[in-house]
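Let's walk through this structure together, starting with the overall picture and then turning to its aromatic rings. Please keep the sequence and the 3D view at hand.

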Amino acid sequence: MKLFPAVALAAAVVAMVGCLKGAAKLPDEAGVQAKGPKYENAEALKPDVLPYEATRLLLGGTEVPVTMSRKQSGETVTFVLAAHSETLEEEHYEANATGFRFLGATGETFKPAIPLVSYPFQVGESWEWTGTASLGPNTKSASAKLVSSTETLNLATGVAECVKVNASLTIDTGQGGVSKRELKFWFEPKKGMVRREFVMSSAREPRPQTEGS
């Protein structure tokens with residue numbers, strides 16, 4: 001997108017701040033932050049708690065019944081998806097008094113972690129992230145535009161009024177090429193992340209306790 005010189009300078013400053021801090025909050029198109037529920041601290045939202053154990057892991061259109069567990073080491077929170085004692089996927093996050101951030105999943109790591117929530121957090125805010133994405137030994141420059149909203153989900157366990165964070169991720173694949181995909185996270189306040197999608201073919205959500213093994 002072409003920018004006027006003054007706007008280009010302002011965008012460069014924002015990008016620099018994003019590189020240093022990992023995120024820069026943006027106003028909406030009218031120049032005023034959209035209004036929505038506000039969460040002053042982690043206790044008000046609790047995005048890092050284990051939302052459920054009985055889980056549906058959706059992989060390439062196939063539903064796999066798994067069990068999800070939570071483990072924590074320092075500020076790193078990991079959700080482990082396992083079936084028959086075999087780990088199928090892991091999700092890694094960073095949680096502390098300043099916010100909740102996405103570190104990556106099995107085989108992929110983001111540095112710095114992508115900020116999903118920064119306190120105080122008001123639904124309707126938008127922000128940007130710049131950093132790197134590592135898939136195995138390959139590390140590429142990456143960026144994301146994130147926006148928060150409210151959304152009602154009809155889950156197997158019932159209706160959930162959620163805070164949704166959508167990250168439009170762009171990864172530089174080299175020689176002028178880029179890879180784009182959407183990362184989506186739904187948080188039910190004080191109950192945790194009830195659904196996430198890394199791509200359309202990879203998602204997880206709750207399942208009834210009596211479904212599957």
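This is a predicted model: local features need pLDDT of at least 70, side-chain atom pairs count only at pLDDT 80 or more; totals for chains, interfaces and linings use all residues.

What follows goes from the whole chain to the details of a few side chains.

The chain has 213 residues, and 40% of them count as buried. If you take the contacts with a separation of 6 or more, 46% of them join residues 24 or more positions apart. The accessible surface of the chain is about 11,400 Å², with 56% of it belonging to carbon and sulfur atoms.

Now to the aromatic side chains, where the count comes to 11 aromatic pairs. Take Tyr93 and Phe102 as an example: their ring centres lie 5.3 Å apart and their planes meet at 40°, so this pair is tilted. That label follows because planes under 30 degrees apart would count as stacked and those over 60 as edge-to-face. Are these two residues buried or exposed? Tyr93 has 0% relative accessibility and therefore counts as buried, and Phe102, at 2%, counts as buried too.

Both residues belong to one aromatic cluster, which is made up of Phe79, Tyr93, Phe100, Phe102, Phe110, Trp129, Phe185, Phe187 and Phe198.

Which ring does the charged end of Arg196 sit over? It is the ring of Phe198, with a distance of 4.0 Å to the ring centre. Arg204, for its part, places its charged end over the ring of Phe79, 5.6 Å from the centre. Phe198 and Phe79 are both members of the cluster described above.

Conventions
Residues are numbered from 1 along each chain as its sequence is written. Side-chain values use heavy atoms; hydrogens and water are left out. Buried means under 20% relative accessible area, exposed over 50%, partly exposed in between (1.4 Å probe, protein chains only). Contact means heavy atoms within 4.5 Å. Accessible areas come from the Shrake-Rupley method with a 1.4 Å probe; for residues, only the protein chains shown count as cover. Rings of Phe, Tyr and Trp (its six-membered ring) pair if their centres lie within 6.5 Å; planes under 30 degrees apart count as stacked, over 60 as edge-to-face and the rest as tilted. A charge sits over a ring if NZ of Lys or CZ of Arg is within 6 Å of the ring centre and within 35 degrees of the ring normal.
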